[in-house]
Amino acid sequence: LMRAVALVLVLVVAWYSLAQNIHLANSFIDIEFTLENSYGVVGITNLLTNKNYLYLNDNGASSLWKIYFTDQKGSTFNVENTISTSANITHQFYTFPNGTSTLVLEWKNITVGQYANAADVIANISIPGNDSSTPSASYWRIGVYPRSPDVSIWQVYYPSISNLYNVTGNLLQTSVYGQIAAATNSFSSVWPQGGTLSMQFLSYLPDNTQGLYIATHDPTGYLKGFAYSYSKTYSSLVITQYPENMSVAEYPYSSPYDVVIQPFVGDWWDSTQIYRDWVLNNAVWCQSGDLRNRSNFPSWVENIGVWLNPGFQENYINGDPQVVLPRLISFYNYFRIPMAVHWYQYYTEPYNCNDPEYPPKQGFAEAIYYLHSNFPEIKVMPYINGRIFDQNSPLWFPLNASNYATKVSAARIGATTLQYNIEGYSGQLFSVMCPATSFWQKTIANISLNLLTEYDVDGVYVDQVGARAPQLCFDPTHGHPLGGGHHWVTGSRAMLSQCLENVVNKLLTTENAAEHIIDLVGGLLAWNIYGSGYVGAYPAVYGGWANIFGVQFSVADINSAQSFAAKLGQQFILGGQLGWFQQMELLMDKAHVHQADFLREVAAYRIVGIEYLLYGRYMRPLNWTGSLDTVTLLWNGYAQKIPLVMYSVWLSNNVSSSPQQSLALFFVNVSPSQNQKIAFEIELGQYGFGPDAEGFSFEEIDSSGSVVNVSNFQGLRYSYETSIPPLSCFFYQ
């Protein structure tokens with residue numbers, strides 16, 4: 001961020017002034033600021049469609065930034081560009097030799113509460129030249145410089161856009177797989193975490209032809225927040241930045257990453273490709289390459305046909321080896337599907353009690369040995385928690401664990417009393433531990449390595465590390481900046497990297513789909529992600545780079561062929577590994593033979609289609625030319641509208657034995673009783689195939705991987721219609 005521009009620069013031509021407004025523009029994007037409201041942003045226009053996503057509020061206000069300051073007494077002060085008391089407000093345009101145009105906005109000598117001349121703020125907005133690979137993008141950074149020993153920065157809200165134009169439309173929220181939600185629903189989440197904000201972007205979609213991409217292109221992993229707030233008159237969009245050393249007087253803040261706002265032409269899928277193009281080439285978690293190039297992704301993982309989870313939220317005894325072992329064997333003998341077991345309650349302590357103590361019950365080691373010797377297609381992955389420490393654990397005081405717990409500060413300069421961050425689970429209270437400490441990193445790594453080596457389990461599941469957001473930590477003895485920063489990500493990555501140290505052919509997994517650790521784990525558990533509106537945004541970005549597995553099935557789901565098929569079908573077409581079943585005996589009951597047969601078929605297609613569903617990339621939807629019937633199901637107490645035909649399109653990553661890149665189409669009829677018609681048109685040019693191609697074949701693949709029908713055609717457009725029987729899959733390539 002430029003506090004002063006020391007280079008000799010040429011005045012930019014990509015700007016202009018009209019009345020009380022100034023514009024930063026090229027041939028693709030026009031950003032408009034009003035001088036009347038201290039440079040509030042009033043326009044972000046896609047010049048390719050002439051769509052302005054903002055408008056001037058009825059009261060004339062328009063925002064750009066807000067800053068939350070505090071002092072030694074604990075008083076807090078909210079200062080924003082529209083009401084800031086400033087002695088000097090200026091703007092200047094610059095151009096650079098690479099074609100980049102930058103607008104520098106400066107507020108000097110800002111009054112904060114009763115403190116005069118207390119801070120300066122400098123905001124930079126840049127756009128590339130027309131010849132750039134991303135000419136419609138804009139890049140936003142801010143610097144906040146306290147000038148008074150009486151104030152400290154607590155939070156920075158930038159950009160803070162209060163006048164998003166309301167139209168009938170949607171938001172793409174990156175909640176695990178990704179979900180399309182009505183723009184009338186407000187949304188707020190913190191990153192990094194893997195539940196409601198799995199990737200650091202969202203997209204505003206007024207229709208299916210264009211949208212506004214909002215992201216933080218942060219390759220390291222700083223704590224931040226995204227918030228979209230709907231109002232009938234106007235909506236707001238805010239990025240919250242958490243500075244390092246939040247409680248330190250006069251400590252400056254300069255954005256360590258770009259906030260990117262980019263109008264685009266296309267639908268939700270096109271916005272995912274903007275993020276994919278950036279993240280795969282820049283983020284630290286993508287530097288080890290895709291799944292095929294990583295040593296910590298065992299080859300046996302790709303063949304898992306179904307996941308089981310004995311002991312999860314069940315009676316304590318249900319995790320006993322004497323109970324679990326015969327259940328696993330019976331299930332395997334019935335289905336004959338390669339399977340993995342996510343084993344809860346295998347240890348002597350009650351679930352969510354006395355963590356991190358997980359001493360295995362008697363017979364656990366023998367059960368593992370028996371399975372390896374007699375059922376090599378059953379893989380075992382026990383549970384541990386990588387976030388919390390029970391303060392009532394017998395280990396809390398002997399290990400001096402309190403020294404390494406996260407501690408929160410009141411919003412004030414130099415608070416002398418810090419409090420533990422406490423979270424409650426199953427009626428117990430836990431301290432959230434600081435992953436930046438070597439103590440916690442070694443604690444979790446030692447537990448994992450003990451299970452992997454002494455008990456020879458096939459993998460370890462480290463709960464919550466990929467699901468829950470960071471807690472702010474202000475303990476100065478931990479060696480990290482106080483409050484904000486990237487130490488949570490850096491520490492978590494260091495912890496997980498030690499969990500597989502000097503072991504091979506073992507799997508490490510965690511909960512939900514946090515992107516900042518995908519190179520360190522071979523599985524991401526999406527157990528609570530299901531319902532209407534889900535799309536494949538995550539595999540559109542990280543297809544071939546991450547492996548998602550599991551979803552929770554209730555007794556009601558298994559008793560209903562419709563509900564069971566819908567959940568399993570949704571897993572399948574989104575690329576997830578199937579199952580995560582507790583109710584093994586129920587699935588084997590004679591009354592559920594249709595559910596069992598459907599599971600066998602979908603699991604077979606999952607393995608046959610692995611080049612696409614695991615190693616390929618989720619592509620844009622087809623041009624659907626037929627009708628699409630739906631059913632409403634009650635899942636987790638909420639009515640969910642689910643299509644009876646689910647489908648997805650996948651592109652191979654050209655790493656298989658075939659030298660040709662290919663496209664796959666997967667369809668599932670989740671109706672238990674009725675045939676469903678599919679009718680679509682596919683434009684191959686939209687999937688990367690050029691007009692110079694000599695011709696194409698359209699092949700139907702059965703569940704054994706054999707080609708059963710072939711159609712050859714010329715050109716880039718192909719239309720197809722057929723009917724799919726109840727509870728069945730179709731696979732075309």
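Is Ser-162 buried or exposed at 16% relative accessibility? In this predicted model, Ser-162 counts as buried, because its relative accessibility of 16% lies under the 20% cut-off.

**View 1. Ser-162 in its strand, with a side-chain partner.** Ser-162 belongs to strand E12, which comprises residues 152-164, and its side chain makes a polar contact of 3.2 Å with the side chain of Ser-63.

**View 2. The largest pocket and its lining.** The largest pocket has a volume of about 810 Å³, and among the 29 residues that line this pocket, those closest to its centre are Trp-268, Gly-533, Tyr-534, Val-535 and Pro-643. Two or more lining residues come from each of helix H8 (561-573), strand E38 (638-643) and strand E39 (645-651), and of the elements E39 contributes the most, with five residues. By residue class, the lining of the largest pocket comprises 17 nonpolar, eight polar and four charged residues.

**View 3. Confidence of the prediction, with the stretch 1-13.** The average pLDDT of the protein is 92, and 94% of the residues score at least 70. Residues 1-13, however, have a pLDDT below 50, although this stretch has 28 contacts in the model beyond near neighbours in sequence.

Methods: Residues are numbered from 1 along each chain as its sequence is written. This is a predicted model: local features need pLDDT of at least 70, side-chain atom pairs count only at pLDDT 80 or more; totals for chains, interfaces and linings use all residues. Side-chain values use heavy atoms; hydrogens and water are left out. Helices (H or I, at least four residues) and strands (E, at least two) are DSSP runs, numbered from the N terminus. Buried means under 20% relative accessible area, exposed over 50%, partly exposed in between (1.4 Å probe, protein chains only). A polar contact is a pair of N or O atoms within 3.5 Å; within protein, one must be able to donate a hydrogen and the other to accept it, and residues adjacent in sequence count only if both atoms are side-chain atoms. On a 1 Å grid over the protein atoms alone, a cavity is a set of points where a 1.4 Å probe fits but cannot get out, and a pocket is an open set with protein on both sides within 12 Å along at least five of seven lines; lining residues have an atom within 4 Å of a point. Grid points are joined across faces, edges and corners, and a volume is the space filled by probe spheres set on the points. Ala, Val, Leu, Ile, Met, Phe, Trp, Tyr, Cys and Pro count as nonpolar, Asp, Glu, Lys and Arg as charged, and the others, Gly among them, as polar. pLDDT is the predictor's confidence in each residue, from 0 to 100. Contact means heavy atoms within 4.5 Å.
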